[in-house]
Amino acid sequence: MKHFHIPLIIKTVNKAFKNAGFEAFLVGGCVRDILEGKIPKDWDITTNAVPEETLKIFPDGKYENNFGTVLVPEKYISGEEDGKEIIEITTYRMESPYSDKRHPDSVQFAKTLKEDLSRRDFTINAIALEIQEDDKYDDRRNIVDEFGGIEDLRDKKIRAVGDPWERFSEDALRMMRAVRFAVQLGFEIEPETFKAIKQNAGNLKLISKERIRDELVKIICSNQPGKGIELCVELGLMEYIIPEILDTIGIKQNRHHYHGPFNTVYKHMIASLDKCPSKLFEVRLASFLHDIGKPGTKQGEGEFATFHGHEYLGARMTQKILERLKFSRKIVDRTVLLVKNHMFYYDVNEVGESGVRRVVRKVGLENINDLIDVRIADRLGSGVPKAVPYKLRHFRYMVEKVSKDPISVKQLKIGGHDLMESLNIKPGPEVGAILDVLLSEAIDDPSLNTKSALLKLAQDLKEKNLKSLRSLAKKKILQQQKKQNTKIKKKYWVK
């Protein structure tokens, strides 16, 4: 790294500390991102100024925690009212023992940057950068790397700072963070750190469900979610995250899933997660958990084993799992819905429009594409090479067909009551005939579909041969309906 643009707001904070006689460094994930040539999402600043001294420099800041972190709104630093970011400024600190494996018993401020870096989780997050006004940097002069973080970045290693036993004893959630960084960055966990996680995995039970949930979301939404799940199982962490997953290991699938390495429920679920075409968390989670009910419903052995009702048991299990992990009601409901309905039946020659409407009513039109993504993940997770077969394309076509408003007089800006009142006619075939003709005119010229224009046309039609005009109108309406249907079919490549 020779040149990197640091935002002016960060340079302004740095300059304010320097002018007041204090040190200030960028630290943590933002430095890691800079060294990898990425643009940081967050900027973390650490300083030897204690919070009270920081507040003297930035009097509009807030200090309402026990960790030495002062929050300063960007607008108070830049003087610009539209500044929305919050700058986090944390004092160098040392931490006492973690009796509960979650929080330090007390927080003590440190005198040196090295002391502060020594209490961080992984070497790649324990690198500090001295900010330069000219954005010119020298690795030896401006980078503080006391624990080999740069080397581990180069070698793509996740390594605990110092003694891994101590790091995981301080905060057991760091074990899940190791997995998360591994799958987010595409790194490997180095052997000693790996060993320490396996031997301390039980401490994860002391961590709040909310914190475990947040790390799980990041793992599932990473580029390697399947690897993240497998690491959690291999390291012994899954027992304290979703222990129900362990029951799927070794459960053989039936003939519908007899495809190479994916012939166990566990391997199939992992493959389905990896193959899920959606980036939405709920869809990925449903793709992963869709067969969680199979161990509890399996009947028989071998290729003719059955799992009748596994989707319903799986939905109930999914609800308990997500509620236990304190997910929002919205996420719980959507994920359960997708798991429960992932077995929806559709056959081109057997299921008509009414059947498709039943599926749409059951899951909601807004969830149909997500449900199809779960089905695609399920297929690919079974080793099937073709993700979207003709059946699914035809189903998508049918969904759009039944969901579109039909070409009918209901689309007109007037109704039969308007005609009877304006033309002084009684209910009867004449009203329907006029509406059909008006619709055919509106198909040719959509600008005519206003109440005033249609009523004017209706006045002229009253004196004409409605029987003949209606026959022509019916043909035009039918042609338009066929045209719309052909367009939808072409979109999904179906006959």
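These legends walk through several close-up views of a predicted model.

Residue numbers start from 1 along each chain as its sequence is written. Because the model is predicted, local features need pLDDT of at least 70 and side-chain atom pairs count only at pLDDT 80 or more, while totals for chains, interfaces and linings use all residues, and side-chain values rest on heavy atoms, with hydrogens and water left out.

**View 1. The whole chain, to get your bearings.** The protein chain has 23 helices and ten strands; these are DSSP runs numbered from the N terminus, with helices being H or I of at least four residues and strands E of at least two.

**View 2. Around Leu 237.** Contact means heavy atoms within 4.5 Å. Not counting residues up to four places away in sequence, Leu 237 touches Met 175, Met 176, Val 179, Ile 197, Ala 201, Leu 204 and Cys 232.

**View 3. H9 meets H12.** The axes of H9 and H12 come within 9 Å and cross at roughly 150 degrees; axes are lines fitted to C-alpha atoms, for helices over the stretch in contact, with angles from 0 to 180 degrees between N-to-C directions. H9 and H12 are therefore roughly antiparallel, as angles over 145 degrees count that way. Val 179, Ala 182 and Val 183 in H9 meet Lys 227, Gly 228, Leu 231 and Cys 232 in H12.

**View 4. Helix H11 under cover.** In H11 (residues 209–220), the buried residues are Ile 212, Arg 213, Glu 215, Leu 216, Ile 219 and Ile 220. What covers them includes H9, helix H12 (225–234), helix H13 (265–275) and helix H14 (281–289).

View 5. Asp 370 is found in helix H18 (residues 368–380). It counts as buried because its relative accessibility is 10%. Leaving aside neighbours within four places in sequence, Asp 370 is in contact with Leu 280, Val 283, Arg 334 and Leu 338.

Notes:
The expected span of a helix is 1.5 Å times one less than its number of residues. Buried means under 20% relative accessible area, exposed over 50%, partly exposed in between (1.4 Å probe, protein chains only). Angles under 35 degrees count as roughly parallel, over 145 as roughly antiparallel, 65 to 115 as roughly perpendicular and the rest as oblique.
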